[in-house]
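Please consult the sequence and the structure while reading.

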Amino acid sequence: MIAVYWPAFLWMIARFNEADTYYSHGYLVPLVFAYLIWLKRDDFKKTAIKPLGIGLALFLPALLVHLIAYFFEINFMSGFSLIPALFGLSLYLYGAGITRKAAFAILFLVFMVPLPQVFIISVSFKMKMMAAQAATAIVNLMGVPAVRDGSIVHLRPDTFLTIGSPCSGLSSLIALTALGALYAYIIKVSTAKKITIFILSIPIALGANILRIALLLLIAFAYDAKAASPGTFAHDTLGFLVYVFAIAGLIIAGRMLSWAKKS
């Protein structure tokens, strides 16, 4: 499997290492996959191995998709075909019982496969506009005279801040959605509440990024645009804090749902 999918892995690594990548977390996903499998080691030992030939009906078409995608250089399709290929191989070698226990770990690998660049650019642009508009509305409510013109927010006649693509929040959204899925899997609540936590990870990630941009606008208004520009202490610190805000939001949501279960 490693040999067959080696070109897809090399493509993923190249995307992980891009200057303005949205998938810098990609290296961590296989480690999480391995850890999740390791956590299930005792369950695997207790589960009978009952190979299912029907697994080939999933494994072989997935390999065919991979080979066609490789030939036509549709890299993302090649990467995503790894998921059904692993499911099919697991069914063929170990059966339904073990595959069921490994299902989440295999599905989690989805978060390391980069989406097509065309899709990324389109979504990133729309998210950038939405975040800029929402952050402008927030600072307006706080009494700061901000006016958005496209991706540029004017704060004073001589001060404006440009909301670039890295500030769209797409990178943090992808990473935090993966974290939300992992947190929902680990927390001990009902399946419905796990799904709720995962769904909540999306607005929490978006809200954390909007809060970050609003704070940058306040800094630019109080000082100047340079103080909130990329590479400054404020910009980089808030880029880190967006994850802190989102993780805190996920934990609070999980605690509230756990409390609702007990009550």
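**Overall make-up**

The model is predicted. Its protein chain holds 11 helices and three strands. Read from the N terminus, the order of elements is α-α-α-α-α-α-α-α-β-β-β-α-α-α. The C-alpha trace of the protein chain extends over about 70 × 55 × 25 Å along its principal axes.

**Helix pairs**

Two packed helices are described by the angle between their axes and the distance between the axes.

| Helix pair | Angle between axes | Distance between axes |
|---|---|---|
| α4 and α6 | about 145 degrees | 7 Å |
| α6 and α7 | about 160 degrees | 9 Å |
| α9 and α10 | about 155 degrees | 8 Å |

Helix α4 covers residues 56–71, and α6 covers residues 82–94. The crossing of these two helices, α4 and α6, is left-handed. On the α4 side the contact is formed by L56, L58, F59 and A62, and on the α6 side by P84, A85, F87, G88, L89 and Y92. Sorted by class, the residues of this contact are nine nonpolar and one polar, with no charged residue.

Helix α6 also packs with α7, at an angle of about 160 degrees and with the axes 9 Å apart. Because of that angle, α6 is roughly antiparallel to α7. The crossing in which α6 passes α7 is right-handed. Here α6 contributes I83, L86, F87, S90, L91 and Y94, while α7 contributes A96, I98, T99, A103, I106 and L107. The contact of α6 with α7 comprises 10 nonpolar and two polar residues, and no charged ones.

The remaining pair is α9 and α10, whose axes lie 8 Å apart at an angle of about 155 degrees. It follows from this angle that α9 is roughly antiparallel to α10. The passage of α9 across α10 is a right-handed crossing. From α9 the contact draws on S172, L173, L176, T177, G180, A181, Y183, A184, Y185 and I186, and from α10 on K194, I197, F198, S201, I202, A205 and L206. By class these are 12 nonpolar, four polar and one charged.

**Pockets**

The largest share comes from α11, with five residues. In terms of class, the lining of the largest pocket has five nonpolar, 10 polar and three charged residues.

The second largest pocket has a volume of about 340 Å³. Which residues line the second largest pocket? They are K40, F104, L107, F108, F111, A181, A184, Y185, T191, K194, I195 and F198. Two or more of these residues come from each of α7 (96–108), α9 and α10. The most is given by α10, with four residues. The lining of the second largest pocket divides into nine nonpolar, one polar and two charged residues.

How values were computed
Residues numbered from 1 in each chain as written. Predicted model: local features only at pLDDT ≥ 70, side-chain atom pairs only at ≥ 80, totals over all residues. Heavy atoms only, no water. Nonpolar A, V, L, I, M, F, W, Y, C, P; charged D, E, K, R; others polar. 1 Å grid on protein atoms, 1.4 Å probe; cavity = no way out; pocket = protein on both sides within 12 Å on 5 of 7 lines; lining within 4 Å. Points joined across faces, edges and corners; volume = space filled by probe spheres on them. Axes fitted to C-alpha atoms, helices over the stretch in contact; angles between N-to-C directions. Parallel < 35°, antiparallel > 145°, perpendicular 65-115°, else oblique. Left-handed = near helix turned anticlockwise from the far one by under 90°. Contact = heavy atoms within 4.5 Å.
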